[in-house]
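Time to look things up one by one and jot down what turns up.

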Amino acid sequence: MKKITALLVALLVLAGCSDARVKSASNETIFTVGNQTVTESQLFEVMKRQDNGATVIQNAEQSVTKDINDPSIEEAAQAQLTEAKSILGDQFPLLLEQLNMGSEQDYLDKVVYPTLKMEFLVKQTIEADFDTLVKEYQPRKANIVQIQTVDQANEALTRIQAGEKMEDVAKDVTVANSQYTGKSAIYNLKGTQFPSPVSQFMNQQQGPGLSGVLKDETNGTAYIVEIVETDANKFKDDLLNQWKKDQALTKTYRAKVFSDNNFKVYDKDILDAITKSYPGYLA
């Protein structure tokens, strides 16, 4: 299996050729089942046809991230290992055995580190485009509370204007199960569906400020919005951590990591699979 891994990694550094196909030259037996023998070349062909390029992508990720080192990665890795051992208890050694891993270090090296390193690299790539993304997404740090009636909202606004924190006031008046509970959060103006009156205020307000009572004519409830900060550099770390969890954004930047590293595949079957399953990954 190690030979197959090495072969797949070798595929990644070769220049593109649209009609080429790679075949494993080895007929070494990988395993047998009953009277059937499966060779390395047969297994390689099955991989090409059925895993949609996932094996190649996995190996490419390990290659791209092999030199990534940061104390935060080690800290997160140890935390994940501790959590896995705590959850699985006596079953954890059995898991390692089933995964054909001889030690906890194998588990870290093959399962935990690759994911954490890729996340770290994606975050770095997002950070390199920070100013551009801020212009596109227009993030705001704000507190928003949804209140059942306009009268209650007027009373809440008076308390906030008198100096009470919105989050404290919101505990008394927030609509049950509302997503807007007065807690400070980061909102991207692009891609966030706000209630109409909230959207209007968020887009018009250019700096920190407190709204009046914003009535929602569609359901009769009301909102109060406090924009705390519009300078994204002042909440950059929190914003990057939030963007890192944004599936659509990280998908785009994971692809950018590959294309920026000149990722190429010259086997046509794998190329077709990756083009379909991982759009944007190829240089």
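Predicted model: local features only at pLDDT ≥ 70, side-chain atom pairs only at ≥ 80, totals over all residues.

My entries below go from the whole chain down to single residues.

**Entry 1: the whole thing.** I counted the elements and got 13 helices and 7 strands. Of the 283 residues in the protein, 39% are buried. For the accessible surface I have about 16300 Å², with 47% of that belonging to carbon and sulfur atoms. I also looked at contacts between residues at least 6 apart in sequence: 67% of these join residues at least 24 apart.

**Entry 2: the cores.** Which residues have the most contacts inside the largest nonpolar core? I wrote down Tyr-107, Ile-126, Trp-243, Phe-263 and Ile-274, in a core of 41 residues. Several helices give two or more residues to this core, including helix 3 (54–65), helix 4 (71–88), helix 11 (236–244) and helix 13 (268–277). Helix 6 gives the most, with 10 residues.

I then picked Trp-243 and listed what it is in contact with, skipping neighbours within four places in sequence. My list reads Ile-126, Phe-130, Leu-133, Val-134, Tyr-137, Pro-139, Asn-188, Leu-249 and Thr-250. Apart from this core lies another one of 13 residues, among them Phe-201, Met-202, Tyr-223 and Val-225.

**Entry 3: helix 10.** Phe-201 and Met-202 sent me to helix 10, residues 196–204, where they are buried along with Pro-197 and Val-198. Why do I find these residues on the same side of helix 10? They cover an arc of only 130° around the axis, so they end up on one and the same side. What covers the buried residues of helix 10? I noted strands, including strand 3 (139–147), strand 4 (181–188) and strand 7 (222–229).

**Entry 4: rings.** I got 8 aromatic pairs. One of them is Phe-92 with Tyr-107, edge-to-face, at 5.4 Å centre to centre and 85° between the planes. Phe-92 sits in helix 5 and Tyr-107 in helix 6, so this pair ties together parts that are 15 residues apart in sequence. Both Phe-92 and Tyr-107 are buried. I also spotted a cluster in which ring pairs link Phe-258, Phe-263, Tyr-278 and Tyr-281.

**Entry 5: Pro-114.** I found this proline in helix 6. Buried or exposed? Pro-114 is buried, because its relative accessible area is 12% and the cut-off for buried is under 20%. Not counting residues up to four places away in sequence, Pro-114 touches Gln-62, Leu-108 and Asp-109. I also checked Thr-65, which is 49 residues from Pro-114 along the chain: their C-alpha atoms are separated by 7.1 Å.

**Entry 6: Ser-178.** My last stop was the loop between helix 9 (166–173) and strand 4, where Ser-178 lies. Ser-178 has 13% relative accessibility, so I put it down as buried. Which side chain does the side chain of Ser-178 make a polar contact with? That partner is Gln-146, at 2.7 Å.

Terms used:
Residues numbered from 1 in each chain as written. Heavy atoms only, no water. Core = buried A, V, L, I, M, F, W, Y, C linked by side-chain atoms within 4.5 Å. Buried < 20%, exposed > 50% of the residue type's maximum accessible area, 1.4 Å probe, protein only. Helix = DSSP H or I, 4+ residues; strand = E, 2+ residues; numbered from the N terminus. Contact = heavy atoms within 4.5 Å. Arc of directions from axis to C-beta. Polar contact = N/O pair within 3.5 Å; in protein donor to acceptor, adjacent residues only side chain to side chain. Areas by Shrake-Rupley, 256 points an atom, 1.4 Å probe, with all protein chains shown as cover. Phe/Tyr/Trp six-rings, centres within 6.5 Å; stacked < 30°, edge-to-face > 60°.
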